[in-house]
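Have the model open as you read.

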Amino acid sequence: MSDTLRAALALAGKDLRLEFRSKTGIISAAMFAALVLIIFNFSRDPTTVSNLDLAPSVLWATFTFGAMVALNRAFHLERENAAFDGLRLAPISREAIYLGKLLANLVFVSLVEAVTLPLFILFFDVDLSGALPGILLITLLATIGFVGVGTVFSAMVVRTRFAELMLPVLLLPFMVPPLIGAAMATTRLLAGRPLSDFAGWLRFLAVYDLVFLTLSALVFWAVVDE
Amino acid sequence: MPSAEPLLAARGLGRRFGPSTVLRSVDLALVPGQVVLILGENGSGKTTLLRLLAGLLRPTHGTIQLGGKPFSSSDPAARRGLGLLSHQSLMYDELSLQENLVFAARLYGLKEPHLVAAAAMQGVGLAERGESRLGSLSRGMLQRAAIARAFIHRPPILLLDEPFTALDAGSADRVREWLSGRAREGCGILLVTHQPAEVWDLATDVGVLAGGTWAILESRPATLEGFLPRYRDAIRV
């Protein structure tokens, strides 16, 4: 196993241990997502707007808010006792720190999404039995994209005074493309359209992931070095 | 000063924070067995110097060499030769002491991290507190835990920022003994303190930072009492 991967797995393991011990991040994000779904469910008029028209937007808005809560905590736990200095002092590459944080964030956000999706099915009475593999693929591709970029920005804002405010402000422009791709693909999938109708959006998401994960790994050192 | 290939060398090292220049030009050569006591008023740049040498800050100007090779914070392997005891523990309150040390051992790629962690806890007299949540430790225990974490990989260069903070007399004696042992093994030690009496006999050299550079850098005088008047003059300038 390479040194980078070994260090990344140790770092991700530490983050997961901390989060599952306190559960504050996951519970906050999951509760927030549930609240958003409840509000959307009871604020719509089902006689004028059908479930299928509204469902993709609601799903991706909910995933986004939940992910933001999860990403905010990612480097927050490194602030206590200047723990992040400990990571920077260690003989590990900056890419290893990025990869470790990325892996942990992907698990957190995926857990939030795993809680959100059944609630979404319940509230919006959407039949995903045929579309579930497609939904999971779209979710995976979009999540990798905005968590990959979100990990860099959460490292950037951790030392600022208004980190919780700065993260969504900085991250929003970069989240828009994968969210558009995910929402468009989800709309077509739930409408029962053939794969050819939304394969282009899947390719867009995959290319976004490839480009921005690479760029994020390359610029991460500039964000963490002083 | 003993002559040998420097473990750590700095030339013209400087650092600005915005318009404020904390360090102007600092030269340093740390050889094996050398224990340099760094003194100075609050804000004189002592902590900044240690953070620059540890690679946590990039110098505004000047160079650092580790083992004769240029050192940059982007070189992971070079950081293996350094250990820094900071003002803060660099650990996680919600993990146990043992979990924190095992994590540190894994970051440093040490084999059998659990055994290494156990030995580190034993070394600082905290073996019985391994399962305790770090946040539950007293201030003095936390300082000992931080020492265990900072030097778990047994680096040849030790950078310590006020290591005796919150330590009781027994623990302070233990730390002094440990530092003495490391110096005898050939480690180079840079030690910042506001209490020079605690380590005066251990030091081989003493430096006083004032005005962003060395006001004094020389072999340790025989007595602290004889040195203090010059120290006061140096920081007054």
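## Fold of chain A

Reading from the N terminus, the elements of chain A follow the order α-α-α-α-α-α-α-α. That gives 8 helices and 0 strands. Please keep in mind that this is a predicted model.

## Dimensions and packing

How does the radius of gyration of chain A agree with that of a compact globule? For 226 residues, such a globule would come near 17 Å, and chain A has 18 Å, which agrees. Along the principal axes, the C-alpha atoms of chain A fill a box of roughly 60 × 35 × 30 Å.

Of the 226 residues in chain A, 51% are buried. Among contacts in chain A with a separation of 6 or more, 82% are between residues 24 or more positions apart.

## Surface and charge

Chain A has an accessible surface of about 9900 Å², and carbon and sulfur atoms account for 72% of that surface. Its charged side chains number 16 positive and 17 negative, with the centres of the two sets 5 Å apart.

## Salt bridges in chain A

Side chains of opposite charge can pair when their charged atoms come close. Over all chains, a search of the whole structure finds 20 salt bridges. One of the pairs to look at is A:Asp3 with A:Arg6, whose closest N and O atoms are 3.5 Å apart. Both residues belong to helix α1 (residues 3-22) of chain A, and because they are 3 residues apart there, about one helical turn separates them. A:Asp3 counts as exposed because its relative accessibility is 52%, whereas A:Arg6, at 25%, counts as partly exposed.

Chain A also holds a network of salt bridges, which links A:Lys14, A:Asp15, A:Glu78 and A:Lys101.

## Salt bridges in chain B

Which parts of chain B does the pair of B:Glu185 and B:Arg154 tie together? The two side chains meet in a salt bridge with an N to O distance of 3.2 Å. B:Glu185 lies in the loop between α5 (169-184) and β8 (188-192), and B:Arg154 in the loop between α4 (139-150) and β7 (157-161), so the pair ties together parts 31 residues apart in sequence. Both B:Glu185 and B:Arg154 are exposed.

Within helix α5 of chain B, B:Asp173 and B:Arg176 are 3 residues apart, which means about one helical turn between them. They form a salt bridge whose closest N and O atoms are 2.6 Å apart. B:Asp173 is partly exposed, with a relative accessible area of 42%, and B:Arg176 is partly exposed too, at 24%.

Technical notes
Residues numbered from 1 in each chain as written. Chains lettered and ligands numbered in written order. Predicted model: local features only at pLDDT ≥ 70, side-chain atom pairs only at ≥ 80, totals over all residues. Heavy atoms only, no water. Helix = DSSP H or I, 4+ residues; strand = E, 2+ residues; numbered from the N terminus. Rg over C-alpha atoms; globule rule 2.2 N^0.38 Å. Buried < 20%, exposed > 50% of the residue type's maximum accessible area, 1.4 Å probe, protein only. Contact = heavy atoms within 4.5 Å. Areas by Shrake-Rupley, 256 points an atom, 1.4 Å probe, with all protein chains shown as cover. Lys, Arg positive; Asp, Glu negative; His and termini not counted. Charge placed at Lys NZ, Arg CZ, Asp CG, Glu CD. Salt bridge = Lys/Arg side-chain N within 4 Å of Asp/Glu carboxyl O.
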